[in-house]
Amino acid sequence: MTRPHAPCLASALLERFVPDSDPLLGDLIEDFERRPSRCWFWWQVLTAIVAARWSLDRREEIRPLRLVELQPVDAIERSRQRCLRFRAINLSASPLSGVGGLGLAALTFLVTIVSPGTWWVVLASSVAGLLIGVGIIAMHAKPPEALPTIRPDSLRAQ
Amino acid sequence: MPRSLLTDFELMILLAILRVGDEAYGVQIAREIEATAGRRILLGAAYAALDRLEGNGLISSRIGNPTPERGGRAKRFFLVTPRGVRAARDTQQALVALWRDVPQLKERHT
């Protein structure tokens, strides 16, 4: 008999959203061997994500009205790291990458199956949008100003 | 003034680590609390509290070796620092002091 594996998506989500989640994930996998319930595993993962995010937000909170000596010694460094963390986001590490493309493909497939005539509406809308866009650009475009020309006569006079 | 007393959950975790000993890690801490206090805890919540306790210097942790039964993940072992022991004792004394002389909680001897 094969042993059930812990849900991969739940594990990936935990690794993505909880920093340093390796020991926690190991504990969950170890406990999953004892009680192989997917619902239990998912519940543990979701609560862990919520608890970690809440805890992280509270830990990184810098309160300007507090006295200076009550601030953590590395407050400035934490603040700087936080800014950097939110600036640099590696989307390729996300387990959800490709969901947008898959969703678009699924929507296209669904429209084709359920109502193929919709594509004519989409095409007509696109052409109309294109024509309106071109019309607006043509209306607002300024005619090119005439460049000053130098006549050979004037050169000769100088 | 920094907080010196612990919440009930933090106190339970600290006492569970002390009871388990040197090899205390997440699953064992959760099982100890479940077996002793009869309270089933969420591992994610336990880790959030453990991180908080470590941030306050009440416990320390070290990473062990990865094991196959855990999907190749390492264990994180926890130890209570002397400051943690002192915090547990302070909390105990505060609770006992509050407990004392409360008429509703006094045992009735017949």
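Predicted model: local features only at pLDDT ≥ 70, side-chain atom pairs only at ≥ 80, totals over all residues.
Residues are numbered from 1 along each chain as its sequence is written, chains are lettered from A and ligands numbered from 1 in the order in which they are written, and side-chain values use heavy atoms, with hydrogens and water left out.

Let me start with the charged pairs. Over all chains the structure holds 14 salt bridges, a salt bridge being a side-chain nitrogen of Lys or Arg within 4 Å of a carboxyl oxygen of Asp or Glu. In one of them, Glu23(B) pairs with Arg62(B), with the closest N and O atoms 3.6 Å apart. Glu23(B) lies in the loop between α1 (8-20) and α2 (26-37) of chain B, and Arg62(B) in strand β1 (residues 59-67) of chain B, so the pair ties together parts that are 39 residues apart in sequence. Helices (H or I, at least four residues) and strands (E, at least two) are DSSP runs, numbered from the N terminus.

Next comes Arg76(B), which forms a salt bridge with Asp51(B), the closest N and O atoms being 3.0 Å apart. Since Asp51(B) sits in helix α3 (residues 43-55) and Arg76(B) in strand β2 (residues 73-80), both of chain B, this pair ties together parts 25 residues apart in sequence. Arg76(B) also meets Glu54(B) in a salt bridge, at 2.6 Å from N to O, and here helix α3 and strand β2 of chain B are linked across 22 residues.

How buried or exposed are these partners? Arg76(B) is buried at 9% relative accessibility, whereas Asp51(B) is partly exposed at 27%, as is Glu54(B), with a relative accessible area of 27%; buried means under 20% relative accessible area, exposed over 50%, and partly exposed in between (1.4 Å probe, protein chains only).

Finally, let me turn to helix α4 of chain B. Within α4(B), Gly84(B), Ala87(B), Ala88(B) and Thr91(B) are buried. These residues cover an arc of only 100° around the axis, which puts them on the same side of α4(B), the arc being that of the directions from the helix axis to the C-beta atoms. On the other side of α4(B), Pro82(B) and Gln93(B) are exposed. After α4(B) comes Asp101(B), whose phi is positive, near 60°.
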